[in-house]
Amino acid sequence: MPAILGLSGLAGLLLLVEVLPYTGVVSADFLPPTHRIAAALVDEVAEGAFWSALWDTLVAWAVGLAIAVAAGIAAGIVIGAVPLLRALTASTIEFLRPIPSVAMIPLAVLLYGTEIQSTLMLVVYASFWQVLIQVLYGVQDVDPVAEETARSYGLGAWARVRYVLWPTALPYVMTGVRLAAAVALVLAITAELVIGAPGLGSRIAVAQSSNAVPNMYALIAVTGLLGVGINLAARGVERLLLSWHQSVRGEVLV
Amino acid sequence: MTNLLTRIGLALALPVVLFAAWWFGTEGSDNFYVPPLREILRTFPEVWTGERIRADVLPSLIRLAAGYTVAVFAGVCLGVLVGSRRRVRAVLEPVLEFFRAIPPPVLVPVIMLFAGIGDTMKVVVIAAGCVWPILLNTVEGVRAVDGVLADTCRSYGITGPARLRHLVLRSASPQIAAGMRQALSIGIILMVISEMFAASNGLGFTIVQFQRSFAIPDMWSGILLLGLLGLALSVLFRLAESRALAWYHGQRRAQRGLR
Amino acid sequence: MLLDVRGLKKVYEGRQRPVEAIRDLTFGLDAGDLVCLVGPSGCGKTTLLKCMAGLLAPTEGEVRLRDKRITGPPPGMAVVFQEYGRSLFPWMSVRDNVELPLRNKGIARRQRQDLVAQALAVVGLADAHHAYPWQLSGGMQQRVAIARAVAYQPDVLLMDEPFAAVDAQTRADLEDLIRDLWRKLGVTILFVTHDIDEAVYLGQRVIILSSSPTVVREVLGVDLPERRDQLTTRSDSRFTELRAHVYAQIQAAKRESMEILATFGRAGSGKSSRSQSEAKSV
Ligand SMILES: Nc1ncnc2c1ncn2[C@@H]1O[C@H](COP(=O)(O)OP(=O)(O)O)[C@@H](O)[C@H]1O
Ligand SMILES: [Mg+2]
């Protein structure tokens, strides 16, 4: 039932965009009707350049996200597990985190021009914080009794991370990865749009400057769908991994 | 007392070390793109004079404030409408999720079509980008109003605007604040990006000008200013939030303490 | 008859299968009554109360107040909910919580302040005006909810296991407080509880519910003296007799419903295990 209602909402949106230009509320030059956007989308999909742009965006997204996740988890566990480090870094993290990622754009342009590294720099910077903060929350959540027990059984530092800290932090890590995945896409497309690094973003910029309005809308719709897809996938992975995680814990307890 | 001193020491230690590392690491740097920190700091007051602040920083901030305010109003109003009706919510949720998933900066070329390249465009861009997290969080918050509290209001005849004011908005306020926090960072990004596209003044515009004319220390000072601005806004936000939501944080602490 | 419950039935349309919370209830409250309702937990007491408060539409039958059918929360009725903690606004101080319904009723500021102060003093929270509900213990929170109902000056007061979270001493004080208020204000009270002693001690009448199916098993008149007090009343031999009688009725009701369950197999097995644990606590 909710699925049908939701689909009817999406259908309503398509219908609205189809009729709005005819009513004269907005000009068709600015908002083309749905069928023209759809036609432009078909044209795009038929073109090799579209697919290579999509590929470039996805590569920048995936590589940037992977670097940010790896760095975020490593830094989060090290900082979180050592109280002194935590106290030392708290103020610095609070200071660096709110610095807007776009402040890096001029720097990225100077250092890497329109190469993919420009995009990566922004993506990694923005998504790193999402992961780090969540991992820090997760490590904070470790049950002191469990930690003490592990210690009293003579588990080494590595074993404690592996068997006590990591299982507790995993749900938080997954939340961080999900948030970072969304942020990474936003930053990847932003960098391409503003800097001109290859990808969907720069294709949108080209469509805009050549006044191909329906293509611009089609490409924007693709970025939205990509975003929805990434959110759904991240949620799915999270659920899968965490249910597995629960069942593993259940087995250990028995 | 010593406790306080230790905490201050811990908080300052790493920033001081990092600052020193930057300072000495770039001292005598001959890399064109990475000028000595001494140079950047010397340029800072020269670049960001009162005149520049009035002509560039202030317009940026005013546009940010205007767009953000519009987004908060629109997001909360629509969120309450959508959130309090189950049917409406079921119909609109996928549409809203789709709009939220569109990377906000791609709104710039679209809105340029409608609103040209003036201040209106920038305000609309900021509002259109900020509104989604606020709206969706409000929907979520309104939906989660506690059933017992809702019954309490009904049985004491607290309905209509009084219910909205005393029950719905208040109980959704932690979520609304979370949405507003996300929206603030989106707003700063859009403030800068919209000026990088087409503008004759503003912080983003000026920094890009510096970069294009290879005025590297000036550009660095701009990045520094942007960072400080982001920091200041987030600190302000957190102060306001911790005052407005004191009850929420207190309640959470109380519940944690019990467990 | 002030409040009239006629042939009330409530079936929850659950996700999997419908749950019958109440089968068929008929009873009445006169103006100025203090009636206690006892029944094992899960037998539908809260459901009944919500129907009477106009918060829940019955599946069959009706509730009438002054001979008018209740379709929504009627004015002049106050409810103290079982989930006391969740019925207080966590973003308001204790005083604001008590004051809000009065503000909504359009009572002048001066009078409002007096009513709030009086109500809080009566429940022994005169010095907690500025605290937030979550800063208080469970028992104190429950007393705030009671103060809110009292300050509202209702004609009818419905209370759903209001003392469940309160320690024994406070509980005794609050029981006496309810009887005091009732005698002074002439308010009509329906008091839901699963504690048999409490029901007999407080009520003029005790309505005993049986569970699965939920029907009125007996309406028992409590012929104890008007003036009750914790020591003498509770050691009164009549009190002990009445208590034993109610206890026997509830046990019998449970046995019967268990037999029904045994014959009808697994249906509602969750409920039966709950009423067993209830039996121990009673
Ligand atoms: N909203 C609901 N939806 C479905 N079943 C419910 C709902 N509320 C209560 N029930 C069921 O109705 C029965 C009576 O519940 P309730 O009125 O809360 O009993 P009591 O207050 O006597 O403990 C229980 O079996 C309970 O599980
Ligand atoms: Mg109940």
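Predicted model: local features only at pLDDT ≥ 70, side-chain atom pairs only at ≥ 80, totals over all residues.

Visitor: Which elements give two or more residues to the side of chain C that touches chain B?

Guide: On that side of chain C, the elements are β6 (77-80), α2 (94-105) and α4 of chain C. The largest share comes from α2(C), with 4 residues. By class, the side of chain C that touches chain B has 17 nonpolar, 3 polar and 5 charged residues.

Visitor: How many salt bridges does the rule find across the interface of chain C and chain B?

Guide: The rule finds 2 salt bridges there. One of them can be examined in the structure: Lys50(C) pairs with Asp151(B), and their closest N and O atoms are 3.8 Å apart. This pair counts because the cut-off for a salt bridge is 4 Å.

Visitor: How much area do chain C and chain B bury between them?

Guide: The two chains bury about 2,200 Å², with 64% of it on carbon and sulfur atoms. In chain C, the residues that lose the most area to chain B are Arg86(C), Trp91(C) and Trp134(C), which together make up 33% of what that side buries. In terms of contacts, 25 residues of chain C meet 22 residues of chain B.

Visitor: Let us turn to the other interface. How many residues does the contact take from chain B and from chain A?

Guide: The contact takes 46 residues from chain B and 49 residues from chain A. The area buried between these chains is about 4,100 Å², and carbon and sulfur atoms give 83% of it. On the chain B side, Leu10(B), Phe98(B) and Leu113(B) lose the most area to chain A, together 14% of what that side buries.

Visitor: What are the counts of salt bridges and of residue pairs in polar contact between chain B and chain A?

Guide: There are 0 salt bridges between chain B and chain A, and 1 residue pair is in polar contact, with both residues at pLDDT 80 or more. Several helices of chain B supply at least two residues each to the side that touches chain A, among them α1 (2-26), α4 (86-101) and α8 (160-197). The largest share, 11 residues, comes from α10(B). By class, this side of chain B divides into 39 nonpolar, 4 polar and 3 charged residues.

Visitor: Which residues of chain B does UniProt list for a domain?

Guide: An unreviewed UniProt entry lists residues 57-241 of chain B as "domain: ABC transmembrane type-1". In the model, this stretch is 86% helix and 0% strand, and its end C-alpha atoms lie 25 Å apart.

Visitor: Is Asp67(C) buried or exposed?

Guide: Asp67(C) counts as exposed because its relative accessibility is 53%, and the cut-off for exposed is over 50%. Gln153(C), with a relative accessible area of 45%, is partly exposed.

Technical notes: Residues numbered from 1 in each chain as written. Chains lettered and ligands numbered in written order. Heavy atoms only, no water. Contact = heavy atoms within 4.5 Å. Buried area = accessible area lost by both parts, 1.4 Å probe. Salt bridge = Lys/Arg side-chain N within 4 Å of Asp/Glu carboxyl O. Polar contact = N/O pair within 3.5 Å; in protein donor to acceptor, adjacent residues only side chain to side chain. Nonpolar A, V, L, I, M, F, W, Y, C, P; charged D, E, K, R; others polar. UniProt positions renumbered as here; feature names shortened; annotations may be inferred. Buried < 20%, exposed > 50% of the residue type's maximum accessible area, 1.4 Å probe, protein only.
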